[in-house]
Amino acid sequence: MSQQALPPSWQHVGRHALFPESTLDDTTRFDFLANMNGYLATRLGPKVKLAYEQRVRPAFEKEKGHAPQSRHEVRKAMAGDPVYQTWSALRRNTMEMRQQAGRGLVLRQLDALVEKARALNAGDDGLQLDPAVQVPRYASAVDIHCMPGGYHTELVADDVSAAANYDCGIFATTGGMLGRYNDGGGQALAQWLKEQHPQFRPRRILDIGCTCGHNVVPLAQAFPEAEVIAVDVAAPMLRYGHARARALGVNNIVFRQANGEALDYPDAHFDLITTAMFWHESSATAMPRKLREINRLLAPGGLTAHLEQPQYHGMDVYEQFVRDWDTYNNNEPFWGVMHEYDLRRMMAAAGFDPERYFETRVRGVVDRDIFPVASAQGEDHGRAALWTMFGAWKA
Ligand SMILES: C[S@@+](CC[C@H](N)C(=O)[O-])C[C@H]1O[C@@H](n2cnc3c(N)ncnc32)[C@H](O)[C@@H]1O
């Protein structure tokens, strides 16, 4: 059997002035979890597939007279299988443990983190919070991917804890495959633009659902002359994101609390509008609304580009079932339904010319000196550094 490379140790995570202080115990916890995730994906995962092929599918076929025809049929048939149950329970447990590991690390130093963020956020108007912004129900009804309190909950004044937890833990969840600053998607988009569209020099960039800015920072770095607006509904993410960007020496991003469904910028205000890992957390009614808003805000000749995991169309039903695990077990209620949409048609309904719609694959850009194996690894059913990028140029 070929030897799978171990994920990089959490000690290589990208640190900045706001990044929480950690101990050897924290590193060890995150390393255990990253390796456990790797084990589940690369060692136990194939055995789950074997259980499907050798006993679950044959039993289904015997009973129904045909093979499972949808991921839902596969899921219902697999639910009672002990190998699947073991894999699924361990996967859920690693996510819960990852949240608790990050939360424990952050909460014990929360006062200091809040003070550091306050200091970094002082001195310019790049952080624009608006307490009147409501967190939409689709973002608050469940603790998305088991994050206690989701993105938005505030425990103390000027809270940054949810964001600090997110910033620490995502490296372990993804096994480092998004790069040391978890920005491989944004870097990939910046690189794609430089290589494929070197003439495109956006003056105003909007990133919707920026969280703590992992993927918008590389765009701001790639276009230092551009005015970049990063919006999110969650204040803790924006406080942390602004402070993190300043700590990384990036000064051309305004982090603004606003709902991407309706923004107060004039028509055609932006040349580039992006999202990263955003749509699978939008409801079925909110996504078309946001796309219409993007269409309104985009200038003629402008580009909108979105990084997501691949759509299910044309994918084998077993692969769909594995990818759909998050919908039912990881508090990602829109994951499955979003990956079913006909995105070209949805963008056309939002006003984009279907002839100018595109879909491509981009590979997360990682720090190869530290992660020599990362870009060579296969996909991890939704957590890997291989992205689908869809979007459109505005006529
Ligand atoms: C999966 S995260 C996106 C990750 C982020 N783009 C990155 O690059 O790291 C989804 C984010 O969308 C935000 N969000 C959800 N609904 C929103 C809305 N209607 N308007 C703006 N932000 C929203 C959430 O608060 C959360 O921070």
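The legends below describe views of a predicted protein model, starting with the whole chain and then turning to two places in it.

**Figure 1. Overall fold of the predicted model, with 14 helices and 8 strands.** With a radius of gyration of 21 Å, close to the 21 Å that the globule rule gives for 395 residues, the protein is as compact as a globular protein of that length. The C-alpha trace spans about 65 × 55 × 40 Å along its principal axes, and 57% of the 395 residues count as buried. Among contacts with a separation of 6 or more, 82% are accounted for by residues 24 or more positions apart. The protein exposes about 16500 Å², of which carbon and sulfur atoms supply 51%.

**Figure 2. Close-up of His145 and the residues it touches.** His145 is placed in the loop between helix 5 (137–140) and helix 6 (161–173), and it counts as buried because its relative accessibility is 13%, where buried means under 20%. The side chain of His145 is joined to that of Glu281 by a polar contact of 3.4 Å. Leaving aside residues up to four places away in sequence, His145 touches Met95, Gln99, Tyr151, Tyr166, Glu281, Asn330, Asn331 and Glu332.

**Figure 3. Close-up of a nonpolar surface patch that includes Leu107.** Leu107, Leu155 and Val156 together make this patch, which covers about 230 Å². Leu107 belongs to helix 3, which comprises residues 82–107.

Technical notes: Residues are numbered from 1 along each chain as its sequence is written. This is a predicted model: local features need pLDDT of at least 70, side-chain atom pairs count only at pLDDT 80 or more; totals for chains, interfaces and linings use all residues. Side-chain values use heavy atoms; hydrogens and water are left out. Patches are made of residues with over 30% relative accessible area and no salt bridge: like charges are joined within 9 Å, nonpolar side chains (Val, Leu, Ile, Met, Phe, Trp, Tyr) within 5 Å. Accessible areas come from the Shrake-Rupley method with a 1.4 Å probe; for residues, only the protein chains shown count as cover. A salt bridge is a side-chain nitrogen of Lys or Arg within 4 Å of a carboxyl oxygen of Asp or Glu. Helices (H or I, at least four residues) and strands (E, at least two) are DSSP runs, numbered from the N terminus. The radius of gyration is taken over C-alpha atoms; the globule rule is 2.2 Å times the number of residues to the power 0.38. Buried means under 20% relative accessible area, exposed over 50%, partly exposed in between (1.4 Å probe, protein chains only). Contact means heavy atoms within 4.5 Å. A polar contact is a pair of N or O atoms within 3.5 Å; within protein, one must be able to donate a hydrogen and the other to accept it, and residues adjacent in sequence count only if both atoms are side-chain atoms.
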